Amino acid sequence: MTSRRIAVRVNDGDEAREALGVAIRLAQARGTEIVGIFVEDVRLLRWAASPFAREIGTVTAQPRPRDPAAMQRALRLLAEEARETFARRLAGTSVQWSFRVVSGGDPEALEALETELLFVKTPAGWRLIGD
Amino acid sequence: MDLTLPPAFVPAVRALSAEALCRRCDPADLPFETTETLEDLPDLLGQARAAEAIEFGIGIRSEGYNLFAMGPEGLGRRTAVRRYLERLAPAQAVPPDWCYVFNFQTPHKPRALRLPPSGGARLKREMEHLVEEFRVSIPAAFDTDEYRRRRQEIEAEVTDRQDDAIGDIGQRAHGQGIALLRTPAGFGFAPVQGEEVMEPEAFRKLPAEEQRRIESGIDALQEELRTLLQAVPGWRREAQKKLRELNREVARAAVDSAINDLRVAYRSQPEVDQYLGEVQEDVLERTEFFLQKESEQAAAAFAPPQGGGDFEDSPLRRYQVNVVMEHAEEAGAPIIYEDNPTHGNLIGRIEHMSFMGTLVTDFTLIKAGALHRANGGYLILDAWKMLTEPYAWEALKRALRSREIRIESLGQSLSLVSTVSLEPEPIPLDLKIVLIGPRMVYYLLHAYDPEFSELFKVAVDFEEEMDRSPESDLLFARLVATLARREKLAPFDRGAVMRVIEHWSRNAGDADKLSIQMRGLLDLLREADFCARRTARAGSHDAPKRIGPDDVQAAIDAAERRASRVREKLQEEVERGRLLLDTSGERVGQVNGLSVMQLAGYSFGHPTRITARVRFGGGHLIDIEREVALGGPIHSKGVLILSGYLSGRYAPNRPFPLSASLVFEQSYGGVEGDSASSAELYALLSAIGQVPLKQSLAVTGSVNQHGDVQAIGGVNEKIEGFFALCKARGLTGQQGVLIPASNVGNLMLKREVIEAVSQGLFHIYPVATVDEGMEILTGLPAGQRNAAGHFPPETINARVEQRLVDYAERSIALTAGKVLKRRAPGGPAITP
């Protein structure tokens with residue numbers, strides 16, 4: 001099963017950065033392709049459509065109303081940023097890679113992940129699920 | 001019947017013998033073969049007064065005792081002063097070094113540091129090493145586990161605090177059935193249904209009371225979160241402060257260990273120690289720079305500052321040391337001659353450099369001036385150059401008055417520029433200035449600049465000549481020896497030295513004096529050496545073993561030949577008859593006067609025809625030169641003295657109804673001086689008495705109202721000028737020159753004149769009075785008043801007085817006729 005691709009979540013955060021580093025080394029060792037997965041949080045889209053959709057800025061600390069379209073845009077931008085970071089990290093390696101945005105509420109997309117080794121952190125450390 | 005002719009009149013004044021025309025050197029006074037055997041002359045020759053003044057001026061340390069060495073060019077003033085200082089300076093203390101360093105309190109006012117000799121370069125080196133040490137030791141101190149852990153702790157503290165607070169709000173929200181969501185740019189709250197965010201439709205289906213509860217809960221949570229997020233920057237600031245303190249603590253350990261040894265070494269110099277202390281504190285404030293990557297540091301480290309004193313872009317330039325004055329490997333006090341004393345060259349300047357299209361500067365671009373270099377020693381300046389450089393004189397006086405060197409640009413000192421610039425801390429000034437200039441400059445400054453006499457109290461007045469004696473001739477020979485050796489010339493033999501002395505005595509214009517004009521003397525010696533070498537080459541010798549009198553004479557002749565174009569042209573004009581001058585025969589009211597022309601340092605005499613015409617008139621003596629503004633004031637004075645002489649000497653109790661005119665014929669330039677006044681008087685007396693004057697003679701000398709003939713200048717050149725003309729036309733044995741008897745001591749005539757005199761072909765008559773002169777010029781006795789108050793008949797004076805008496809009687813008769821005519825109108829008029 002070594003030909004299966006390694007999928008790794010690339011949302012922003014220290015954990016994701018760490019996961020990517022380990023996954024790259026793993027993919028190099030196995031000679032497999034690596035897939036960057038950006039998971040769109042469907043809860044945010046749902047929240048943006050609700051009457052309570054007021055976002056309190058981290059820096060400004062002021063509430064401002066949000067709507068689904070704006071939230072969609074914001075998530076798309078986050079995904080693009082994540083893709084660029086992912087591409088930069090892999091640019092200097094020989095590992096083949098691809099990138100995919102997965103919606104947390106999209107059953108088909110989640111299903112597709114089943115064909116890949118999912119690289120996640122468990123209480124016992126980093127694990128390849130499905131290996 | 002007595003058939004014997006009356007004996008010819010012989011004037012009382014006898015012509016001078018050839019021996020009186022030049023004072024020769026006595027070979028016995030010069031006991032040497034060549035100058036090779038003579039010792040060098042250690043001191044100034046003939047400058048005892050100047051040497052004493054220099055010694056006094058240099059010795060006295062009180063304020064304002066600066067020196068002004070005055071005298072004409074070429075006396076060797078600069079060399080003399082320098083030589084004296086060079087003897088004195090090595091025994092004096094080497095002055096301190098001066099550095100400019102960054103002023104950490106007021107960046108636009110660089111600080112001056114005083115260091116012992118060669119200490120400036122040492123401090124500069126040590127500071128460079130120190131900065132290098134900082135660049136290594138500071139990053140090393142930060143690249144330790146201790147630092148990393150403590151930094152992480154500080155960073156984690158604020159993150160944890162924030163996360164905990166937000167997590168707490170999330171927990172409480174969860175208890176109210178509300179979820180805290182992390183959005184792309186912040187946070188949001190939403191009611192939950194089960195584990196998922198409640199759909200809007202589901203929320204709308206909730207009972208109204210439940211909706212209100214949720215809404216008010218969300219509002220309260222939002223407010224709480226808002227308050228929390230507002231507090232976060234404050235927490236971060238606290239963390240930053242802790243981080244800075246940590247950085248400072250870590251950096252201090254590195255900086256202190258690097259700088260402490262240096263501070264101990266400079267403990268005895270509080271100013272330097274204080275500066276190092278400030279460096280220490282400043283480095284602690286700027287540790288970020290030392291932690292940059294090396295490539296980033298290199299780009300910015302030594303770039304010039306941008307803008308007025310902003311050193312943000314050049315963090316390491318501020319730790320440089322600008323050694324403006326260094327005295328490494330010097331012995332004694334400095335002696336500086338500033339050849340180009342401009343304002344900037346004198347007090348120093350602040351230079352600028354082009355950076356990013358603008359001109360910028362900092363303390364490293366401060367440059368020392370002559371005052372800095374000479375501080376603690378001596379500065380020699382040329383007064384004339386100094387005064388012609390804009391504002392240099394004022395800057396020098398300001399520095400001397402305030403006893404400090406304040407570097408400021410002309411724009412600043414004149415308040416023309418208001419842009420931010422540097423104001424370097426003034427450096428204390430302690431030096432002697434020696435100004436070298438002409439006497440005129442000294443006297444003008446003394447008269448018109450009130451500060452001058454306060455700042456330059458010692459006048460060093462250089463002599464132009466010295467007394468001639470056997471001893472001084474020998475000293476002069478030693479001077480020739482000294483100069484010949486110094487200039488690597490061949491030695492001069494005794495004859496050559498004698499010729500030099502005689503020529504230099506002539507240059508002094510006095511047989512009893514010797515000129516001590518060094519530059520001209522040196523030129524003569526070099527030129528004589530050149531002539532000797534040329535002769536040696538022509539004779540296929542390698543080099544002359546010695547320089548002889550012929551070489552010296554050849555050099556003198558060549559110099560005269562080079563300068564004599566104008567003299568020859570003038571004589572040519574006379575010989576071709578275009579300038580009218582007689583050298584034989586007699587004529588009434590006409591005499592040969594003599595004048596001297598000076599062109600670029602070359603003087604020569606030239607005869608001029610002076611004529612006088614008289615008639616019965618109103619008592620006016622017309623000086624035509626004066627009437628047409630070609631006569632100078634001294635010349636006019638001489639002519640007016642003639643009126644005084646005539647009216648006082650002849651027919652003193654009668655009116656003086658003489659009209660006379662005097663002119664320098666064919667003179668088209670200005671006439672100045674009174675040396676022709678005796679000639680004018682002779683022409684006038686000849687015209688009045690109708691006594692012809694010998695044209696074979698020429699005359700020089702001024703007269704006073706009593707008829708005494710007084711000394712004049714340039715007597716040698718004047719005699720030689722007339723001699724040259726007579727020689728060109730052929731010497732007759734009748735020709736000669738009348739000179740004032742008081743000028744006999746000035747005679748140092750050329751050999752050809754002396755030879756002509758010794759052969760009886762030319763004569764020099766020393767006359768003391770106008771009467772003596774008239775007797776020689778006319779061959780008639782002048783005549784003295786007898787007991788009855790009359791001049792003897794057939795004397796010159798009798799003829800002159802008779803003519804004036806005739807004029808006076810005609811005047812009286814004319815006046816009487818006018819009176820009669822007024823009394824008897826219509827009656828016959830009486831005519832003279």
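These legends go with several close-up views of a predicted model.

**View 1. Cysteines of chain B without a disulfide.**
A disulfide is a covalent bond between the sulfur atoms of two cysteines. A search of the whole structure, over all chains, finds zero of them. Take Cys22(B): the nearest cysteine sulfur belongs to Cys25(B) and is 8.8 Å away. Because a disulfide needs the two sulfur atoms within 2.5 Å, Cys22(B) is in no disulfide. Cys22(B) has a relative accessibility of 10%, so it counts as buried. Cys99(B) is buried too, with a relative accessible area of 0%.

Where does Ser515(B) lie? Look for strand E19 of chain B, which covers residues 513-515. Ser515(B) has a relative accessible area of 6%, so this serine is buried. A polar atom of its side chain lies 3.2 Å from the backbone nitrogen of Gln517(B). Leaving aside residues up to four places away in sequence, Ser515(B) touches several others, among them Phe476(B), Trp504(B) and Glu464(B).

**View 2. A salt bridge in chain A.**
Side chains of opposite charge can pair when their charged atoms come close. Over all chains, a search of the whole structure finds 71 salt bridges. In one of chain A, the side chains of Arg66(A) and Glu55(A) meet at 3.5 Å, N to O. Arg66(A) sits in the loop between strand E4 (63-65) and helix H3 (68-91), while Glu55(A) is in strand E3 (residues 54-57), 11 residues apart. Are these two residues buried or exposed? Arg66(A) is buried at 15% relative accessible area, and Glu55(A) is buried at 1%.

**View 3. Two salt bridges between helices of chain B.**
Glu157(B) and Lys242(B) form a salt bridge, with their closest N and O atoms 3.1 Å apart. Glu157(B) belongs to helix H4 (residues 145-175) and Lys242(B) to helix H6 (residues 208-265), so the pair ties together parts 85 residues apart in sequence. Glu157(B) is partly exposed, at 42%, and Lys242(B) is partly exposed, at 34%.
Arg506(B) and Glu717(B) form another salt bridge, their closest N and O atoms being 4.0 Å apart. Here helix H18 (residues 494-507) holds Arg506(B) and helix H25 (residues 715-729) holds Glu717(B), so parts 211 residues apart in sequence are tied together. Arg506(B) is buried at 16% relative accessibility, and Glu717(B) is buried at 18%.

**View 4. A network of salt bridges in chain B.**
Which residues are linked in this network of salt bridges? They are Glu394(B), Lys397(B), Arg401(B), Asp449(B) and Glu451(B).

Key:
Residues are numbered from 1 along each chain as its sequence is written. Chains are lettered from A and ligands numbered from 1 in the order in which they are written. This is a predicted model: local features need pLDDT of at least 70, side-chain atom pairs count only at pLDDT 80 or more; totals for chains, interfaces and linings use all residues. Side-chain values use heavy atoms; hydrogens and water are left out. Buried means under 20% relative accessible area, exposed over 50%, partly exposed in between (1.4 Å probe, protein chains only). Helices (H or I, at least four residues) and strands (E, at least two) are DSSP runs, numbered from the N terminus. A polar contact is a pair of N or O atoms within 3.5 Å; within protein, one must be able to donate a hydrogen and the other to accept it, and residues adjacent in sequence count only if both atoms are side-chain atoms. Contact means heavy atoms within 4.5 Å.
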